[in-house]
Amino acid sequence: MRPLWRCRNCGAEWPCQPARLALLAEYRYDRTALLLFLGALMTEASSQLHQLHPDRRPDLTERFISWARAR
């Protein structure tokens with residue numbers, strides 16, 4: 001749910017755990033593409049969330065990128 005960046009199914013911050021699993025499955029053969037996709041979405045989310053809450057700018061790296069890195 002943009003611009004709140006919450007899951008439409010569970011209401012948790014997106015990407016929630018089910019969304020993360022779905023993304024990992026969808027991009028299982030191309031982790032680089034997943035990280036590029038998530039980076040673009042993180043940029044969009046940062047802008048939209050800043051418009052909603054101009055007094056704060058959260059670090060979205062953990063939420064959008066860190067979990068998807070190859071281990």
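These questions and answers cover salt bridges, cysteines and a surface patch in a predicted model.

Student: How many salt bridges are there by the rule used?
Tutor: The rule asks for a Lys or Arg side-chain nitrogen within 4 Å of an Asp or Glu carboxyl oxygen. R2 and E44 form a salt bridge. The side chains of R63 and E13 meet in a salt bridge as well. The count comes to two.

Student: How many residues apart are R2 and E44 in the chain?
Tutor: Their closest N and O atoms are 3.1 Å apart. R2 sits in the segment before α1, while E44 belongs to helix α2, residues 31–52. The pair therefore links distant parts of the chain, and the separation is 42 residues.

Student: Is E44 buried, partly exposed or exposed?
Tutor: Buried means under 20% relative accessible area, and exposed means over 50%. E44 has 27% relative accessibility. So E44 counts as partly exposed.

Student: Which parts does the pair R63 and E13 tie together, and how far apart are they in sequence?
Tutor: The salt bridge between R63 and E13 spans 3.8 Å, N to O. R63 lies in helix α3, residues 61–64, and E13 in the segment before α1. So the pair ties together parts whose separation in sequence is 50 residues.

Student: How many disulfides does a search of the whole structure find?
Tutor: A disulfide needs two cysteine sulfur atoms within 2.5 Å. The search of the whole structure finds zero.

Student: Which cysteine has the sulfur nearest to that of C10?
Tutor: C10 is in no disulfide. C10 is partly exposed, with a relative accessible area of 48%. The nearest cysteine sulfur is 3.8 Å away, in C7.

Student: Which residues make the nonpolar surface patch?
Tutor: M1 lies in the segment before α1. M1 has 41% relative accessibility, so M1 counts as partly exposed. The patch covers about 270 Å², and its residues are M1, L4 and L52.

Key. Residues are numbered from 1 along each chain as its sequence is written. This is a predicted model: local features need pLDDT of at least 70, side-chain atom pairs count only at pLDDT 80 or more; totals for chains, interfaces and linings use all residues. Side-chain values use heavy atoms; hydrogens and water are left out. Patches are made of residues with over 30% relative accessible area and no salt bridge: like charges are joined within 9 Å, nonpolar side chains (Val, Leu, Ile, Met, Phe, Trp, Tyr) within 5 Å. Accessible areas come from the Shrake-Rupley method with a 1.4 Å probe; for residues, only the protein chains shown count as cover. Helices (H or I, at least four residues) and strands (E, at least two) are DSSP runs, numbered from the N terminus. Buried means under 20% relative accessible area, exposed over 50%, partly exposed in between (1.4 Å probe, protein chains only).
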